[in-house]
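Please keep the sequence and the 3D view open while reading.

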Amino acid sequence: MTTYKDKINDKFNQFTSIMEANTRGVKIGCYSIALLGLTVAVRRVRPFSRFKRPSDIPSHFIKESRELTGTVEGVDPTKGLLLINHKPLLELPFTSPGALPVKLSGVHVKGHGISWLQAIVRGSQVKFIPVLKEKDWVQSEVSLDQLAYDKKWKTINVAESLVGIGFADLETPAIGSKRYCQQLHTAEMQAERKRLGLRYYVKPTREFVLKLGRTMYHFIASRTAKVVAVR
């Protein structure tokens with residue numbers, strides 16, 4: 001005969017079974033949601049991906065102005081491109097290296113600029129923000145941490161530095177963030193004021209030489225005329 005105590009035990013066991021089943025279901029649901037979220041995050045962040053071609057860079061990286069890092073392995077002397085070995089957030093030991101061709105956004109690098117890049121930037125770790133993907137390269141805002149005279153590290157804008165010393169010209173239209181383009185225009189005005197670079201140096205020198213030549217010509221002509229008059 002079933003007693004009142006047995007009924008209570010049966011009800012308790014039924015309740016415990018239901019709770020255990022629900023708990024397992026909740027755990028499975030939580031694990032599934034977490035796994036789905038992790039999958040979406042990995043696909044969006046791409047922590048293991050090493051970008052070697054412009055097409056490797058996801059479009060949302062450009063829309064979100066995602067900053068990337070890498071080491072400049074070389075400089076293309078014909079196109080003025082930085083060949084950057086991109087460093088992913090999490091490096092895997094079996095990933096093969098490869099250089100991503102990066103163009104300094106908004107500028108055309110001249111001959112002296114190529115030498116400057118090879119001497120200053122090559123072999124250094126840089127940060128770059130892709131702004132436009134093209135077939136053979138990706139235009140980017142590139143910055144470099146450099147040790148200043150006061151022994152403190154300073155972040156420099158590579159394109160701005162080249163324009164400021166006259167080793168690069170601005171392209172029209174300049175591609176990049178508003179702040180980036182303003183920095184380039186400011187650097188160009190500074191170069192004009194200081195008359196640095198080849199295009200700001202040749203013209204004043206030529207005018208000076210021509211003026212000096214005309215002065216010397218008139219001086220010699222006047223002296224010759226005086227000598228002839230005395231004779």
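Which charged end sits over the ring of Phe61? The charged end of Arg66 does, 4.3 Å from the centre of that ring, where a charge counts as sitting over a ring if NZ of Lys or CZ of Arg is within 6 Å of the ring centre and within 35 degrees of the ring normal.

## Basis of the model

This is a predicted model, in which local features need pLDDT of at least 70 and side-chain atom pairs count only at pLDDT 80 or more, while totals for chains, interfaces and linings use all residues. Residues are numbered from 1 along each chain as its sequence is written, and side-chain values use heavy atoms, with hydrogens and water left out.

## Overall layout

The secondary structure of the chain comes to six helices and eight strands, taken as DSSP runs numbered from the N terminus (helices H or I, at least four residues; strands E, at least two). From the N terminus on, the order of elements is α-α-β-β-β-β-α-β-β-β-α-β-α-α.

Of the 231 residues in the chain, 31% are buried; buried means under 20% relative accessible area, exposed means over 50%, and partly exposed lies in between (1.4 Å probe, protein chains only). Among the contacts with a separation of 6 or more, 61% are accounted for by residues 24 or more positions apart, a contact being heavy atoms within 4.5 Å.

One aromatic pair is counted, under a rule by which rings of Phe, Tyr and Trp (its six-membered ring) pair if their centres lie within 6.5 Å, with planes under 30 degrees apart called stacked, over 60 edge-to-face and the rest tilted. The rings of Phe51 and Phe61 have centres 5.7 Å apart and planes at 80°, so the pair is edge-to-face. Phe51 lies in the loop between α1 (4–45) and α2 (59–63), whereas Phe61 belongs to helix α2, ten residues apart. Phe51 is buried at 1% relative accessibility, and Phe61 is buried with a relative accessible area of 2%.

Arg50 is also found in the loop between α1 and α2, and Arg50 is buried, with a relative accessible area of 14%. Its side chain makes a polar contact with the side chain of Asn85 at 3.1 Å, and the side chain of Arg50 reaches the backbone oxygen of His86 at 2.8 Å. A polar contact is a pair of N or O atoms within 3.5 Å; within protein, one must be able to donate a hydrogen and the other to accept it, and residues adjacent in sequence count only if both atoms are side-chain atoms.

The largest nonpolar core has 32 residues, of which Leu82, Leu104, Val107, Leu117, Val121 and Val158 touch the most other members. Such a core is a set of buried Ala, Val, Leu, Ile, Met, Phe, Trp, Tyr and Cys residues joined through side-chain atoms within 4.5 Å. Leaving aside neighbours within four places in sequence, Leu82 is in contact with residues including Val72, Leu104, Leu117 and Val121.
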